Amino acid sequence: MSGDFVNLLADLKEDEVLKLTKQRLDSGEDGLKILEDSRKGMEIVGKRFADGEYFLPELVYSGELLKQITEMVKPHITQAAETKRLGTVVIGTVAGDIHDIGLNIVDFMLDVNGFEVHNLGVDVAKEKFVDKVKETKAPIVGLSGFLTPAFDAMKETVEALEKAGLRDKIKVMIGGGQIDDEVKKYAKADAFGKDAMAAVALAKKWVGAK
Amino acid sequence: MAKEWAELTPAEKREERFKRWLSPQGVTFSSPKAEKGYKARVTRFIKAFQLKEPDRVPCILPASNFAAYYAGTDLRTVMYDYDKLSQAWLKFFHDFEDDLDTFIPPALVPPAKSLEAVDYQLYRWPGHGISGDTTSYQCAEAEYMKPDEYDALIRDPSDFWLRTYMPRVFGALKGFPQLPALTSFEEIAIQSFVPFGMPEVQDGFKALMEAGTESLKWLAAVGKVAGEASAAGMPGIMSGFAKAPFDTLGDTLRGTRGIMMDVFQRPDKVHEAMDKIAALAIDSAINAANASAAPIVMMPLHKGADGFMSDKQYATFYWPAFKRVIMALVDEGILPLLFAEGSYNTRFEYIKELPKGATAWWFDQTDMARAKKELGDRICIMGNVPTSLMMTGTPQEVKEHCRKLIEVCGKGGGYILSGGAQIDKGPAENMHAMMAAAKEYGVYKK
């Protein structure tokens, strides 16, 4: 049953997977087990995205299914799930830029690949990055930006992290629309990633995971 | 006797429109030299579009709000102060005149006071939703159309805009849902005027009038710049905008999340809505092209880029309605200029379906060498000096990058040197270096 569930979610079978969720809850199964299976299903979605089999529509749709499943399961859970995470990443779209399509894909892919992600959203002031890094002690920061104003905002954010004495404790990756290796040099980031898969690979490398 | 317009083939119509572009109505050139310069520039572009060799590779400098910063002001200031807007663009124009093949007047810098008058929600601009020193205005994507509103849009787009969509994107029109459906206005108005008496509705109309008054002031400033540039012999190369129907739905109606869900949950509605939107896009683009000299309509492309959707999704949802818009324009002799944001490396087979010499493709991060090789005998290609290089590189690096692009893409004609996207701020020397490369390396030997 749990194998079916994982595949139904990964295959985006909305009606079937929701029906099965209800059946499992009705039969008194532990909600945490269902959430664990959901995580496995989402891992497969992430893998298919990385392999070029799934695209943005599938990511959005699977996210919606996960939301529905979680909402059904939530009332049946008393203790919080404990998942082992590879590491913590703070991400956000830099100040002056309100685009988040790419940011949310990176969020999704880091999450399904085992990272704890703190997504600060769009138009994030440099101080907010600094505060969040201090609070979470995240070793990795991901700066997103779609437009050219992001070049300066990224540079200023990296400088703010440096000024706060955090720069040598963290790795900074950047990406999005007009971002490339030139901007990496300009902003003094550690790496530029061209897509969400690159973000995952960089994060894994930096935490020493395989 | 000349053939009637309707009897002409699309290629003949295009030639006809090119001729009109070369001898534009209503333009008085300031000197014979200006007129000669105009014709030389337009000919340069036309030949590139026709996949022939011009005198040299034409160049479009990637300046979007660049003029504002070049003139020492900023976007926020010129969005509110139209005198400063025209001054900045004229300064840029005169300082760069010898280095321009085309020039875009500040018609894409919207009047902020009009936007404020209607409490515009769809965009953020410097000082209004984003920091005052931001160099661009940006679309605030959201679900402005709900999933159960497809039928309303499909049944009557005008009514949907007026009473559902506009009250959401214009805060000042929040009373408009109280308006009667104008499509069923009474023969003898008994109740129909009542909503127009409601204070909230009247406030909406007052806001629109204020936005209109403000827009006319702005238009005068833009017109001053446009008039001066065209008298000096500087052509524009775009007469209007259109979008792929999937992008219209996904960008400003349903939002990215909404449209991606709809692909799974209500695919038939998506298709029906795109049919409606395609027809509207076609009419509006043809009207825009008829109203100005350059027979070129720019289409910025978003959600069909590499990585956004699968080949099957592109073939099913994106391409058919998009191609219909392209072909309707091509059939009218208008040249669609497709601006493929991001990269389009996986979509070449679709581009190959389009008739030869009928479209131009402006690439942002697409592989230009491959595009030239696989598409160069079919479409004029444009692009793609990186914005990062233009903003952070040296003039030597810019010139060298342009030289390589020209060598790869310029062969045999059909290439326009341009940016991958546009920049707002950056060293003026890099702009000059780009044109210097076109002049030095882009000359075709006769």
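**Reading helix packing, a sheet and an interface**

Author: In this predicted model, helix H12 (residues 267-290) of chain B packs with helix H13 (residues 311-331) of chain B at an angle of about 25°, their axes lying 9 Å apart.

Reader: How should I read that angle: is H12(B) roughly parallel or roughly perpendicular to H13(B)?

Author: Angles under 35 degrees count as roughly parallel, and therefore H12(B) is roughly parallel to H13(B). The crossing of the two helices, H12(B) and H13(B), is right-handed.

Reader: Which residues of H12(B) and H13(B) make the contact?

Author: H12(B) contributes residues including B:Val270, B:Met274 and B:Asp275, while those from H13(B) include B:Phe317, B:Ala321 and B:Arg324. Sorted by class, this contact between H12(B) and H13(B) has twelve nonpolar, no polar and two charged residues.

Reader: In what order do the strands of the open sheet in chain B run?

Author: Strands of a sheet pair through backbone hydrogen bonds, either parallel or antiparallel. Here seven strands of chain B form an open sheet in the order S1-S10-S9-S8-S7-S6-S5, and the pairing is parallel. Strand S1 (59-60) and strand S5 (240-241) of chain B are the edge strands, each pairing on one side only. Within the sheet, five bridges join S9 (residues 380-385) to S10 (residues 415-419) of chain B, and B:Val385 stands opposite B:Gly419 in S10(B).

Reader: How many residues of chain A are in contact with chain B?

Author: The size of an interface is often given as the accessible area lost when the parts come together. Counted by residues instead, 21 of chain A are in contact with 29 of chain B. On the side of chain A that touches chain B, H4(A) gives the most, with five residues, and that side divides into 13 nonpolar, three polar and five charged residues.

Terms used. Residues numbered from 1 in each chain as written. Chains lettered and ligands numbered in written order. Predicted model: local features only at pLDDT ≥ 70, side-chain atom pairs only at ≥ 80, totals over all residues. Contact = placed C-beta atoms within 7 Å. Helix = DSSP H or I, 4+ residues; strand = E, 2+ residues; numbered from the N terminus. Nonpolar A, V, L, I, M, F, W, Y, C, P; charged D, E, K, R; others polar. Pairing = 2+ DSSP bridges. Axes fitted to C-alpha atoms, helices over the stretch in contact; angles between N-to-C directions. Parallel < 35°, antiparallel > 145°, perpendicular 65-115°, else oblique. Left-handed = near helix turned anticlockwise from the far one by under 90°.
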